[in-house]
Amino acid sequence: MEDGAQPEPTLDNVVDQNTLKWIFVGGKGGVGKTTCSSSLAVQLAARRESVLIISTDPAHNLSDAFRQKFTKTPSLVQGFTNLYAMEVDPTPDSADLEQMEWAQDGFFQDLASSIPGIDEAMSFAEVMKQVQSMDYSTIVFDTAPTGHTLRLLNFPTLLEKGLNKLVSLKATMGGMVGQVSRMVGIPGGEELPDVLLGKVEGLLGVVRQVNAQFQDPALTTFVCVCIPEFLSLYETERLVQELARYGIDSRNIVINQVIFPEAASGSRLLEARVRMQQKYLEQFHDLYEDFHLVKLPLLEEEVRGVDALKAFGVNLLQPYTPPPLAAAGGREAELEAEVARLKARVAELEAALAAKR
Ligand SMILES: Nc1ncnc2c1ncn2[C@@H]1O[C@H](COP(=O)(O)OP(=O)(O)OP(=O)(O)O)[C@@H](O)[C@H]1O
Ligand SMILES: [Mg+2]
């Protein structure tokens, strides 16, 4: 970046940074997280050996975006040789928990009930463990709306606290458990604490590793998605501050659903929206001068299917420029729209004048 200049308005910095392993994409509900994370994953697939996109939103919509059904194990996205997708549930159901042997332990169950959110944290850790062993070059997370995402990112810390508590509990209670086991005659009861301790420490290891990776800007970054409106600006600020508190790198904000003036001409409603959006765009620029602010256009149609995602993703890397007016609807349509707009303005001014008389 040159001195005093705003950083490039693209996600080139993310795509170019080959060391990045974890890319989180998050923001408020409905702003375009799934669309942006999927488009980014498509762009990355052209430049990385292998890419995995994971949805951690309980209301999964990667399947909608790609028009392909995904499950909780990675499957190849149609039309690619190196892009995989999976949808995981951050709130495990009992069937999931049954598969995790550590979750069967009575001590774990006591622990789960004493620390709210720990079961979710454990299942997240399990997913991370699974994903880490798979060796993808880059993993893109399509996260759930803000509150939930931050909770997820705080899990390693929560889990570490919970597990530490368990370890110290074991240290004080261990002997007693052995005695009780002997008394009631559970075979192998004495070894139980050690076996469990071993499992817990193993998991703690994964959690610490994940935590350290999430806090390393060479490995992890968080891309915020928002729209140019008051509430979204406010939520973005909250998100950026929380990420800073968790020590997670964030330096990119995608501002989605921008209406460019060229697309609004002739429509008073759209022109009013453009003015409103401009106000918030200016505020984004004032507040985030050291961020990459990427503007994406509001399209007439939903962004679904690989082709649409590919086309949309181009503007993550090259600033969007609206098509010239003539191309948008022909010179005649353009003139008609202008006449309609001026007529409406004349009527407005006449009404104002009449009111004054
Ligand atoms: N710039 C855009 N122009 C037109 N449609 C868009 C644009 N961005 C997103 N959409 C559409 O808006 C809808 C919501 O987008 P998306 O699913 O990406 O949002 P989300 O933030 O993931 O929502 P949720 O919080 O529900 O997960 C989708 O149908 C998507 O195709
Ligand atoms: Mg979504």
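Two strands are taken to pair if DSSP finds at least two bridges between them. Helices (H or I, at least four residues) and strands (E, at least two) are DSSP runs numbered from the N terminus. On these terms β1 and strand β5 (residues 138-142) pair in the parallel sense over four bridges.

This is a predicted model, in which local features need pLDDT of at least 70 and side-chain atom pairs count only at pLDDT 80 or more, while totals for chains, interfaces and linings use all residues. Residues are numbered from 1 along each chain as its sequence is written, and chains are lettered from A and ligands numbered from 1 in the order in which they are written.

**Overall content**

The protein has 13 helices and eight strands. Of its 357 residues, 36% count as buried; a residue is buried if 20 or more other C-beta atoms lie within 10 Å of its own, exposed if 12 or fewer, and partly exposed in between, with C-beta atoms placed from the backbone. Two residues are in contact if their C-beta atoms, placed from the backbone, lie within 7 Å. Among contacts between residues at least 6 apart in sequence, 76% join residues at least 24 apart.

**The sheet**

Eight strands form an open sheet with mixed pairing, in the order β3-β4-β2-β5-β1-β6-β7-β8. The edges are held by β3 (75-76) and β8 (292-297), each with a single partner strand, so one side of each has no neighbour in the sheet. Strands of a sheet pair through backbone hydrogen bonds, either parallel or antiparallel. Pairs in this sheet include those tabulated here.

| Strand pair | Sense | Bridges | Residues opposite each other |
|---|---|---|---|
| β3 and β4 | antiparallel | two bridges | Serine 75 and alanine 85 |
| β2 and β4 | parallel | five bridges | Valine 51 and leucine 83 |
| β1 and β5 | parallel | four bridges | Tryptophan 22 and isoleucine 139 |
| β1 and β6 | parallel | six bridges | Glycine 27 and valine 225 |
| β6 and β7 | parallel | four bridges | Cysteine 224 and isoleucine 253 |

In the β3 and β4 hairpin, six residues lie between the strands, and glycine 79 takes a positive phi near 95 degrees.

Two strands can be described by burial. Six of the six residues of β1 are buried, so β1 is largely enclosed by the rest of the structure. On one side of β1 the buried residues are Trp22, Phe24 and Gly26, and on the other they are Ile23, Val25 and Gly27. Strand β4 (residues 83-87) has five of its five residues buried and is therefore also largely enclosed by the rest of the structure.

**Helix packing**

Strand β6 (residues 220-226) pairs with strand β7 (residues 252-258). Helix α9 (residues 230-245) packs on the sheet and touches β1 (22-27), β6 and β7, its direction making about 170 degrees with that of β6. Axes are lines fitted to C-alpha atoms, for helices over the stretch in contact, and angles run from 0 to 180 degrees between N-to-C directions.

α9 also packs with helix α11 (residues 268-287) at an angle of about 15 degrees, with their axes 10 Å apart. The two helices are therefore roughly parallel to each other; angles under 35 degrees count as roughly parallel, over 145 as roughly antiparallel, 65 to 115 as roughly perpendicular and the rest as oblique. Phe230, Leu233 and Glu237 in α9 meet Tyr280, Gln283, Phe284 and Leu287 in α11. These contact residues divide into five nonpolar, one polar and one charged. Ala, Val, Leu, Ile, Met, Phe, Trp, Tyr, Cys and Pro count as nonpolar, Asp, Glu, Lys and Arg as charged, and the others, Gly among them, as polar.

Helix α2 (residues 33-45) meets helix α12 (residues 306-317) at about 85 degrees, with the axes 8 Å apart, and these helices are therefore roughly perpendicular to each other. From α2 the contact takes Thr35, Ser38, Ser39, Leu40, Val42 and Gln43, and from α12 Leu309, Lys310, Phe312, Gly313, Leu316 and Leu317. By class, this contact of α2 with α12 has six nonpolar, five polar and one charged residues.

**Two individual residues**

Glutamate 289 sits in the loop between α11 and β8 and is exposed, with 12 other C-beta atoms within 10 Å. Glutamate 289 and proline 7 are 282 residues apart in sequence and 7.6 Å apart in space, C-alpha to C-alpha.

Arginine 341 belongs to helix α13 (residues 325-356) and counts as partly exposed, with 16 C-beta neighbours inside 10 Å. The C-alpha atoms of arginine 341 and serine 265 are separated by 8.1 Å, and the two residues are 76 residues apart along the chain.
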